[in-house]
Structure formats: structure tokens, C-alpha cells
Amino acid sequence: MKKFKLGVLFLLTTTSHLVMAQGSYPKSFKGYTDVSASIGLYTNTASNDVLNSGQLYSLNLGLFADNGIGFRGGIDYIDGLDDGIKIYSVPLHFAWRMIGEDTRTTMQRIGTATETYISDRNQTFFGALLTMLSIKAELTAGISPGYIDGNPYYVKTIDSYNGEYWDGLELKNKFYLTADAGLRLSLRIWRIMIYTDPQFHYNITDNFKRKTTLAYDDRKLIPSYFSITGGLCFIF
């Protein structure tokens with residue numbers, strides 16, 4: 001078993017040196033530019049039979065100073081939130097990296113992983129490998145102005161209780177604006193980060209209204225949304 005662990009140690013050390021030989025870490029993790037792409041879920045926080053959930057596609061550029069304060073901007077595309085609705089928006093967010101820079105050298109990272117793997121009998125190779133990596137947390141907050149393309153559905157509906165009636169959504173205006181707040185969690189491997197980005201969104205422009213011919217309808221629309229995406233980020 002000891003020989004096996006020593007063999008894994010050799011493989012781990014060799015692989016790490018090969019990766020590092022392709023390019024060094026940026027001198028500062030906080031002061032840099034990054035580009036990221038992600039995909040995920042965008043959903044209304046209320047339980048409705050309209051505006052339930054759609055897909056969020058995002059391209060993002062991040063610019064950071066050495067003090068960890070930065071800015072994020074990009075393009076978001078939301079599809080499937082409701083029939084006939086597509087939303088294009090431009091997130092404009094301030095960002096703050098909450099966890100300090102990991103200043104360990106390559107050999108220190110290897111030493112940490114090696115010690116963890118050899119000294120702990122219950123430790124797996126992949127668990128030890130994770131100790132070499134840098135995990136970061138980032139708070140974001142800002143606005144996302146945008147545009148709503150298409151028109152919501154408005155259809156004739158029949159049920160046993162109400163009989164025949166018209167039901168659907170009304171789009172009050174096509175200009176779209178949300179206030180956003182989120183927490184991005186990243187796992188860094190060389191200049192690549194794997195991340196997840198849950199966010200809360202409040203629809204300031206309150207674009208949608210329930211439209212129905214029913215005399216009574218208490219199904220109010222809540223102008224708040226939640227999204228969670230996952231993707232890859234490259235550091236320059």
C-alpha cells in the first residue's frame with residue numbers, strides 16, 4: 001500500500017510540473033481579467049402556472065483590482081420562462097472577492113496534497129488532489145437592463161369549474177430591468193475556474209401582468225426570480 005501511495009505521489013508531482021510548465025499562475029489572483037460562460041436555471045420564486053422556469057445562458061467579463069474589488073458585465077439570454085418570451089439583458093455588477101489570495105507555491109501545493117494523502121488512510125487520491133486547488137467566493141450586486149422579445153400567450157381555456165374563459169399574460173412594456181445579488185463560488189485549476197453562480201433578481205420594471213376574463217383571480221405574479229448557473233472561466 002505504501003509503495004502504491006508513493007507511486008501516486010510520483011505521478012501527482014510529475015503531472016503538476018507538466019501543468020505548471022505550460023504557464024505560471026498570475027502574480028495576483030485578485031488583480032486580473034477573466035472571461036466566463038455558463039448555463040443554468042432561471043425561475044420565478046412563486047408557484048405559478050405561468051412564468052415558471054427557463055434556461056439562462058450567460059457570457060461574462062470580469063475586471064478586478066489588487067484589492068479584490070471588481071466589475072462584471074456581459075450578456076444574458078433567458079429562454080423558456082414562458083411561451084413566446086425571450087429576454088436579452090446586460091448585467092452590470094460590482095463584485096468583491098471575499099477570500100484572500102492563495103499564495104502557496106507549486107511545491108507547497110504538492111506538499112500539502114502529499115502529506116494529506118499519505119498520513120490519512122481514509123483519504124482518496126481525488127480528495128488529496130483538491131487540497132492543491134484554490135477555492136474562491138465572490139459577492140456580486142448590480143442591475144441588468146434588457147429587452148423582452150416576443151409576446152406572451154393569451155388562449156381560450158375550458159375547465160369544469162370555470163367553464164370557458166380566456167387566460168394568459170400581458171406584457172406591460174418591453175424594457176426590462178432587474179436588481180441582482182449573488183454569490184459566485186469557484187474552484188481554480190491553473191488559469192481555469194469551474195464555478196457556480198446562484199443569484200436573486202428583482203424585476204424593477206414589473207413587466208408582466210396576469211390577464212384573464214375570469215371575474216375573480218387571486219393568482220398574483222411575484223416580480224422576483226432566482227437563477228443558478230454553472231460554467232467555466234478563464235483568467236488572463
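A polar contact, as I use the term in this notebook, is a pair of N or O atoms within 3.5 Å, where within protein one must be able to donate a hydrogen and the other to accept it.

**Entry 1: the whole model.** I reminded myself before starting that this is a predicted model. I looked up the secondary structure and found three helices and 12 strands in the protein. I then looked up burial, and of the 236 residues of the protein, 41% count as buried. For the surface I noted that the protein exposes about 12800 Å², with carbon and sulfur atoms supplying 65% of that area. Turning to contacts between residues at least 6 apart in sequence, I found that 71% of them join residues at least 24 apart.

**Entry 2: E138.** I located E138 in strand β6, which covers residues 134-149. Is E138 buried or exposed? I recorded E138 as buried, because its relative accessibility is 0% and the cut-off for buried is under 20%. I next asked which side chain E138 meets in a polar contact, and the partner is the side chain of R97, at 3.1 Å. When I set aside residues up to four places away in sequence, I found that E138 touches F64, R72, A95, W96, R97, M98, G182, L183 and R184.

**Entry 3: I194.** I placed I194 in strand β10, which runs over residues 192-203. I wrote I194 down as partly exposed, because its relative accessible area is 42%, a value that falls between the limits of 20% and 50%. Leaving aside neighbours within four places in sequence, I found I194 in contact with L185, S186, L187, I189, G231 and L232. Finally I asked how many Å separate the C-alpha atoms of I194 and S38; these two residues are 156 apart along the chain, and the separation of their C-alpha atoms is 9.8 Å.

Note on methods. Residues are numbered from 1 along each chain as its sequence is written. This is a predicted model: local features need pLDDT of at least 70, side-chain atom pairs count only at pLDDT 80 or more; totals for chains, interfaces and linings use all residues. Side-chain values use heavy atoms; hydrogens and water are left out. Helices (H or I, at least four residues) and strands (E, at least two) are DSSP runs, numbered from the N terminus. Buried means under 20% relative accessible area, exposed over 50%, partly exposed in between (1.4 Å probe, protein chains only). Contact means heavy atoms within 4.5 Å. Accessible areas come from the Shrake-Rupley method with a 1.4 Å probe; for residues, only the protein chains shown count as cover.
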